Amino acid sequence: MKVLVYDQDGKLVELNELSSQTLMEAIRDAGLNLTGQCGGCMSCGTCHVYIDHRWWTELEPASETEDAMLDVVEDRRENSRLSCQIKLTEELDGLTVTLALNSGFV
Amino acid sequence: MRQKLLIVGGSYAASEIASHARECGYDEDIIIVSEELELPYQRPPLSKAYLKEHTQKVMPLKSAAFYSAKNIELELGTKVLGIERGANTALLSNGTHVTFDTLALAVGARAQRLLCTGADAKNVYYLRSIEDARLLSAASAGAEKVVVIGGGFIGLEVASALAQQLKQVTVVETQNRVLARVVSPEIAEFVSSAHVGHGVKLLTCRAVQSFVGENGVVRKVLLDGGTSLDADIVIFGIGSAPNMELAQQLGLHFENGIIVDSRSRTSRANVFAAGDCTRFFSPFNLNGIPVESVQNATDQARVAGSVIAGKDNVYETLPWFWSDQYDLKLQIAGLAVGATERIARPTVTSGISVFHFRNDACICVESVNGPREHIAARRLLARERITKQQLQDVDFDMPALLKLRALPTDGESVNRADEQKTKVSSD
Ligand SMILES: Cc1cc2nc3c(=O)[nH]c(=O)nc-3n(C[C@H](O)[C@H](O)[C@H](O)COP(=O)(O)OP(=O)(O)OC[C@H]3O[C@@H](n4cnc5c(N)ncnc54)[C@H](O)[C@@H]3O)c2cc1C
Ligand code: FES
């Protein structure tokens with residue numbers, strides 16, 4: 001499966017042959033600038049991405065905790081998600097996301 | 001001739017020094033030498049999901065493909081036995097030598113051991129590495145009565161994981177409450193109730209006197225005052241101690257950790273250190289207390305990586321920490337050391353937040369089940385002085401204060417906030 005990621009500079013990066021379980025891990029493994037500091041246990045809020053609208057409805061909705069954290073991350077938009085909460089499954093082949101500005105170390 | 005950066009250690013700090021040095025344009029050789037057999041992996045799950053689910057799965061911080069793509073050499077399962085001062089040469093446990101130009105110590109800490117009669121028995125466990133976790137996980141599967149010594153984060157997380165598997169868990173703590181060194185009494189009380197609610201026995205103000213058993217297996221734990229606890233397994237969670245052997249050989253300045261400056265430099269030129277093995281002062285850590293967390297290991301290592309690559313950078317990041325027990329999410333923004341006053345408030349999600357002040361400035365917010373409060377606090381405390389009055393004005397609603405301040409785009413560090421400000425004004 002593959003995932004398409006627009007980085008903070010708007011550059012499109014294609015991630016192929018993914019072995020990672022979550023979107024956060026896949027993005028991090030590709031060496032893109034995504035912090036994901038808590039390793040995916042929903043404690044840090046540093047794995048913020050925007051989901052391409054075509055994919056939004058394909059995803060399991062955010063949990064209450066995820067929603068609470070997104071509420072206070074910088075620049076939340078309607079299509080904001082924490083990428084560590086998105087499990088990569090075959091159905092998401094072609095998933096397209098954009099890294100939020102504050103999701104990476106500066 | 002090419003230069004070489006030798007990184008000793010194989011966890012958060014090691015991995016981050018290497019990858020950030022590369023990100024900052026360092027293109028000399030990099031080698032990471034780690035005693036552990038696994039690629040650098042996530043430690044927090046070892047006392048949480050790992051024990052609960054018996055998954056036996058390590059979660060690497062970065063994939064093998066990442067290191068090879070970045071041309072970072074990994075020498076796993078190999079210990080650095082010694083470093084020859086002056087010659088810039090390290091002796092490895094596989095008998096080879098590595099000569100380096102720059103050295104980074106990311107050797108972390110080890111679990112503190114207790115020396116008392118019977119403490120070396122087979123069914124006594126410590127928890128620091130995946131290897132420890134595998135042993136403990138296997139042993140706990142068949143155990144019924146568990147005695148946890150130490151009511152700190154790791155002890156309580158283990159207690160939580162095992163109590164949820166319906167083991168009979170007793171926690172023995174020498175202080176008069178759990179988490180005494182690390183959180184306020186209000187938070188400790190909240191966490192304690194959850195443990196008691198799950199049937200865990202918390203014995204405070206009690207110390208272990210000895211272990212009684214046979215054939216190298218502990219059967220009973222004797223406490224001062226005469227109490228005797230039956231035990232199938234015993235787990236120690238009594239803190240950690242930084243690994244100081246190499247620092248000692250190198251003659252580095254250390255005191256309960258290698259002393260580093262805000263650029264991760266030790267007292268010797270070309271020797272850097274980051275993570276659990278260090279101690280440092282910063283605007284967020286005026287007392288220079290040891291900070292052992294993923295956040296610290298990662299962020300401090302990034303500074304080391306960039307300075308090694310020749311890019312100036314200082315480590316002045318707000319510390320933050322988390323712990324998961326049962327359905328409690330404990331999150332801490334800032335350090336409460338040196339606080340003169342604290343105020344506790346319930347969170348909207350049936351949790352609790354405790355605000356710590358030093359001379360009127362909020363320096364730390366601890367919350368249980370207040371993820372919104374935590375993220376808001378981190379964003380605010382990282383960049384500006386928040387006064388008690390400002391918090392009172394919004395009835396201690398951190399997210400509301402955050403929205404009120406209508407801050408420029410966020411960052412986790414003061415530097416970043418400043419950078420953002422200059423960006424905004426130069427646009
Ligand atoms: C069970 C557990 C749960 C935790 N939970 C949390 C949590 O929820 N949140 C949080 O923020 N923090 C947590 N922590 C703390 C966090 O894991 C540490 O702060 C972090 O791992 C520190 O990273 P480090 O790279 O500095 O050192 P370490 O992780 O200690 O790694 C040091 C590495 O160096 C290697 N090494 C040491 N000496 C040598 C040598 N001479 N030669 C070769 N290799 C050597 C070691 O084998 C090890 O791999 C937890 C820790 C543990 C043990
Ligand atoms: S990685 Fe921490 S919340 Fe997603």
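The second largest cavity of this predicted model has a volume of about 40 Å³. A cavity is a set of points, on a 1 Å grid over the protein atoms alone, where a 1.4 Å probe fits but cannot get out; the volume is the space filled by probe spheres set on the points. Its lining, meaning residues with an atom within 4 Å of a point, includes B:Tyr41, B:Lys57 and B:Ile130. The lining divides into seven nonpolar residues, one polar and one charged, where Tyr and Ile count as nonpolar and Lys as charged.

B:Cys277 lies in the loop between β19 (271–273) and β20 (278–279) of chain B, strands being DSSP runs (E, at least two residues). B:Cys277 counts as buried because its relative accessibility is 0%, buried meaning under 20% relative accessible area with a 1.4 Å probe and protein chains only. Beyond its neighbours within four places in sequence, B:Cys277 is in contact with residues including B:Leu105, B:Pro242 and B:Ile258, contact meaning heavy atoms within 4.5 Å.

| Item | Value |
|---|---|
| Residues from chain A | 25 residues |
| Residues from chain B | 33 residues |
| Buried area | about 2,500 Å² |

Buried area is the accessible area (1.4 Å probe) lost on putting two parts together, summed over both. One salt bridge joins B:Arg372 and A:Asp71 at 2.8 Å, N to O; the rule requires a side-chain nitrogen of Lys or Arg within 4 Å of a carboxyl oxygen of Asp or Glu.

Residues are numbered from 1 along each chain as its sequence is written, and chains are lettered from A in the order in which they are written. Local features need pLDDT of at least 70, side-chain atom pairs count only at pLDDT 80 or more, totals for chains, interfaces and linings use all residues, and side-chain values use heavy atoms, without hydrogens and water.

Conventions: 1 Å grid on protein atoms, 1.4 Å probe; cavity = no way out; pocket = protein on both sides within 12 Å on 5 of 7 lines; lining within 4 Å. Helix = DSSP H or I, 4+ residues; strand = E, 2+ residues; numbered from the N terminus. Buried < 20%, exposed > 50% of the residue type's maximum accessible area, 1.4 Å probe, protein only.
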